[in-house]
Amino acid sequence: MNEREEMMLEEDTIDLIELLKDIWNHKIMMILLMVLCAGAMFANMTYLTADTYTAEGILYISNKKEAMMDYEVIQKNDIDTSRSLSTTYIEILKTASFIDDVAENTEKYTGEQLKKMVKIESINETELLKITVTADNGYDAYNIVNIILEKAPNKLMGIYKNGEVEIVDPPKFPEIPDDKGVIVKTLIGAVIGLFLGAFIVFIRSFFDTKVRSAEMAAKRYNVSVLGELPE
């Protein structure tokens, strides 16, 4: 490493040290920003974010409609076929015709509203389909899941004649609202406040052109300082 590179490295180190000192000198401002952002996030999640309620139900799907006898053997390809059909079943239950039919039975929501409230997915790529509904009250979430579970078998078997759909886990009424993650969001707000404060200090330091000491003048203009005059 030549002399010029050593001087540049030394200057960068000094700049970093000065920046850290500047951040420390403004620690009160940064703490206030942390408290402000954390408080704003806490207030938003506690008082401005509406409670939601979630209900779930589970369907079992199979490509065998008739019950199998004791002497019959469940073939692996039958299970694989049931699993592959789960993707198709999910898409069928997401169609506008089915969602609109469910919406009509709720007598409250439109199909477009239900699409945002309903989630249908396969459980670990098995033959089990989980229907999840999130609403602003427990009754609606519970009621909509029941309507879907009631109508899904007829809808699916109307398309796939040789199959079977059973309800294996009916929904439970959600008496407690969903966790809004107030603590986590508050901590995120505090971190945002911390980085915001550090960014403000960095911007101020970056655009600060004042020379406050002889050492700063010597470093900035690469000159030797012979002496200082008192104020």
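Guide: We begin with the elements: a helix is a DSSP run of H or I with at least four residues, a strand is a run of E with at least two, and both are numbered from the N terminus. By this rule the protein chain has eight helices and four strands. From the N terminus on, they follow the order α-α-β-α-α-α-β-β-α-β-α-α. The model is predicted, with local features requiring pLDDT of at least 70 and side-chain atom pairs pLDDT 80 or more, while totals for chains, interfaces and linings use all residues. Residues are numbered from 1 along each chain as its sequence is written, and side-chain values use heavy atoms, without hydrogens and water.

Visitor: What makes the four strands an open sheet, and in which order do they lie?

Guide: Two strands pair if DSSP finds at least two bridges between them. The order is E2-E3-E1-E4, with antiparallel pairing. Strand E2 (118-122) and strand E4 (164-169) are the edges, since each pairs on one side only. On average, neighbouring strands are turned by 25° against each other, direction ignored.

Visitor: How do you know that E1 and E3 pair?

Guide: Strand E1 (residues 53-62) and strand E3 (residues 128-135) share eight bridges in the antiparallel sense; the rule asks for at least two, so the two strands count as paired. Among the facing residues, Tyr53 has Ala135 of E3 as its bridge partner, and Thr54 stands opposite Thr134.

Visitor: What makes the phi of Glu107 worth a remark?

Guide: Most residues other than glycine have a negative phi. The phi of Glu107, however, is near 55°. Glu107 is found in the loop between helix H4 (96-106) and helix H5 (111-117).

Visitor: Is Glu107 buried or exposed, and how do you know?

Guide: Buried means under 20% relative accessible area, exposed over 50%, and partly exposed in between, with a 1.4 Å probe and protein chains only. Glu107 has 74%, so Glu107 is exposed. Across the protein chain of 231 residues, 29% count as buried.

Visitor: Which residues of H4 and H6 meet?

Guide: Contact means heavy atoms within 4.5 Å. The H4 side includes Phe98 and Val102, and the H6 side includes Ile144 and Ile148. The residues of this contact divide into six nonpolar, three polar and three charged. Here Ala, Val, Leu, Ile, Met, Phe, Trp, Tyr, Cys and Pro are nonpolar, Asp, Glu, Lys and Arg charged, and the others, Gly among them, polar.

Visitor: Why does Ile148 count as buried?

Guide: Ile148 has a relative accessible area of 1%, under the limit, and so counts as buried. This residue lies in helix H6. Leaving aside neighbours within four places in sequence, Ile148 is in contact with Phe98, Val102, Val118, Ile131 and Val133.

Visitor: How do the axes of H2 and H7 cross?

Guide: Helix H2 (residues 27-48) and helix H7 (residues 182-207) have axes that come within 7 Å and cross at roughly 145°. Their contact residues divide into 16 nonpolar, five polar and one charged.

Visitor: Why does Gly193 count as buried?

Guide: Gly193 has 0% relative accessibility, so the buried label applies. Gly193 is found in helix H7. Apart from neighbours within four places in sequence, Gly193 is in contact with Met30, Leu33, Met34 and Cys37. Gly193 and Leu36 are 157 residues apart in sequence, yet 7.3 Å apart in space from C-alpha to C-alpha.

Technical notes. Axes are lines fitted to C-alpha atoms, for helices over the stretch in contact, and angles run from 0 to 180 degrees between N-to-C directions.
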